[in-house]
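Here is a short briefing on a protein chain. Read it with the structure open beside you.

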Amino acid sequence: MDRLENTVRPYAWGSTTAIPRLLGEEPTGEPQAEMWMGAHPGAPSRTSRGPLNEVIDKAPEEELGSRTVARFGPRLPFLLKILAAGAPLSLQVHPDLEQAKEGYADEERRGIPVDAPHRNYKDANHKPELICALTEFDGLCGFRAPDEAAELLAGLGVDSLKPYVDLLHAHPEEDALREVLTAVLSADPEAMAHTVGEAATACARLGGAYAPYADIAHHYPGDPGVIAAMLLNYVQLQPGEALYLGAGVPHAYLDGLGVEIMANSDNVLRCGLTPKHVDVPELLRIVRFEASDPGVLRPEASADGEEVYETPIDEFRLSRYVLAEGAVPRELTRATPQILLCTAGTVRAGELLLAPGQSVFVPAGETAEVSGAGTVFRATVVA
């Protein structure tokens with residue numbers, strides 16, 4: 001079992017206080033957006049044996065287990081994060097596995113450098129993800145029904161939005177959502193910036209259901225993503241609730257602290273709320289134009305107290321234990337690798353004491369006995 005030392009990424013949208021508060025540290029005044037736990041080469045966790053990716057590379061079957069290696073290859077198939085949003089993240093979607101393989105191969109054939117700002121596919125993997133709220137957590141997830149989106153837009157009283165309202169009423173669901181998103185992202189930038197400005201003023205005046213979009217517009221003035229965001233479901237998670245985000249589902253995190261787990265991929269196609277590249281044709285190929293309920297997840301408890309967040313993919317499995325002082329220690333053993341993360345109280349994992357924000361890596365087949373008074377998240381693989 002290895003204690004992990006993890007890198008905090010200072011993305012501009014990060015909260016200046018949430019991660020320091022969790023870790024019991026003084027804020028630096030700089031944004032602290034994500035703390036990565038895993039073996040991603042961009043910021044691998046460090047262990048007493050070296051960077052975790054190098055530890056795994058030296059003995060993949062010992063660290064990951066034969067089943068994980070046979071199914072996913074000789075690398076940790078998930079990345080675990082603490083995510084702290086102080087401002088909205090980009091509105092985005094992720095490809096499915098087939099789309100990722102095709103897109104990556106195409107950009108490789110065309111000789112587009114992996115670090116090029118207009119490159120869409122950094123790897124050939126999909127990126128399903130799960131976010132579990134540690135605090136109240138706001139986000140956008142999946143399309144509203146067209147009639148609901150039309151009602152929200154019409155309520156602003158902005159004349160230049162009326163064509164979008166009409167389209168949402170006039171066509172079947174898939175066509176309506178596709179045509180409006182295409183029109184928003186393809187509009188003349190100057191005209192759209194004016195529309196967004198009028199919409200932002202109206203959102204601020206109306207408040208209520210419009211308040212989240214006023215805040216988004218404050219952070220991204222004139223961005224067409226502000227209008228695109230109004231096509232999506234607004235979701236407010238309570239601590240312990242989660243969202244699963246599959247391929248093609250447009251989403252954005254707005255505010256709050258959470259534990260996030262995802263397949264080990266960097267593939268993101270952006271719809272807006274970003275100064276980065278937006279590839280509209282490729283985005284429209286990937287997005288699933290269907291209205292959906294956000295599907296808020298609550299954990300399902302098992303007999304031994306493990307609370308599991310059920311998802312339909314195998315690269316990761318996230319669960320948590322809420323431990324009480326004096327309770328019988330839990331023996332956590334799996335044939336797959338595990339990362340254990342303390343988010344509250346004090347938890348003992350084997351001989352290691354974990355405070356909030358601290359984590360350990362447990363190789364496949366090894367047992368981690370956990371006890372104490374606190375909450376520990378368990379990230380592993382379904383394979």
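The lining of the second largest pocket divides into five nonpolar, four polar and five charged residues. Here Ala, Val, Leu, Ile, Met, Phe, Trp, Tyr, Cys and Pro count as nonpolar, Asp, Glu, Lys and Arg as charged, and the others, Gly among them, as polar. This is a predicted model, in which local features need pLDDT of at least 70, side-chain atom pairs count only at pLDDT 80 or more, and totals for chains, interfaces and linings use all residues. Residues are numbered from 1 along each chain as its sequence is written, and side-chain values use heavy atoms, with hydrogens and water left out.

**Pockets**

- The second largest pocket holds about 220 Å³ of space. Of its 14 lining residues, Ala-39, His-40, Pro-41, Arg-75 and Asn-264 are the closest to its centre.
- A pocket is an open set of points on a 1 Å grid over the protein atoms alone, with protein on both sides within 12 Å along at least five of seven lines; lining residues have an atom within 4 Å of a point. Grid points are joined across faces, edges and corners, and a volume is the space filled by probe spheres set on the points.
- The largest pocket holds about 960 Å³. Its lining has 43 residues, and Trp-13, Ser-90, Val-268, Arg-270 and Lys-276 lie nearest its centre.
- The largest share, five residues, comes from β12. Strands are DSSP runs of E, at least two residues long, and helices are runs of H or I, at least four long, all numbered from the N terminus.
- By class, the lining of the largest pocket has 20 nonpolar, ten polar and 13 charged residues.

**Cavity**

- There is one cavity of 30 Å³ or more. In a cavity, a 1.4 Å probe fits but cannot get out.
- Which residues line the largest cavity? They are Leu-91, Phe-143, Leu-181, Ala-228, Leu-231, Leu-232, Pro-250 and Cys-271.
- This lining has eight nonpolar, no polar and no charged residues.

**Helix α7 and the cores**

- Helix α7 spans residues 162-170, and its Tyr-164, Val-165 and Leu-168 are buried. They sit on the same side of α7, because they cover an arc of only 100° around the axis. The arc is that of the directions from the helix axis to the C-beta atoms.
- Buried means under 20% relative accessible area, exposed over 50%, and partly exposed in between (1.4 Å probe, protein chains only).
- The cover over the buried residues of α7 includes α6 (146-154), α8 (173-186) and α9 (189-206).
- The largest nonpolar core has 51 residues, of which Leu-140, Leu-153, Leu-156 and Leu-168 touch the most other members. Another core lies apart from it, with 34 residues, among them Leu-22, Met-35, Ile-56 and Leu-80. A nonpolar core is a set of buried Ala, Val, Leu, Ile, Met, Phe, Trp, Tyr and Cys residues joined through side-chain atoms within 4.5 Å.

**Two loop residues**

- Met-230 lies in the loop between α11 (225-229) and β10 (232-237). Met-230 is buried, at 0% relative accessible area.
- Beyond its neighbours within four places in sequence, Met-230 has contacts including Leu-153, Leu-156 and Tyr-213. Contact means heavy atoms within 4.5 Å.
- Leu-273 is in the loop between β13 and α12 (280-286). Its relative accessibility is 0%, so Leu-273 counts as buried.
- The phi of Leu-273 is positive, near 60°. Most residues other than glycine have a negative phi.
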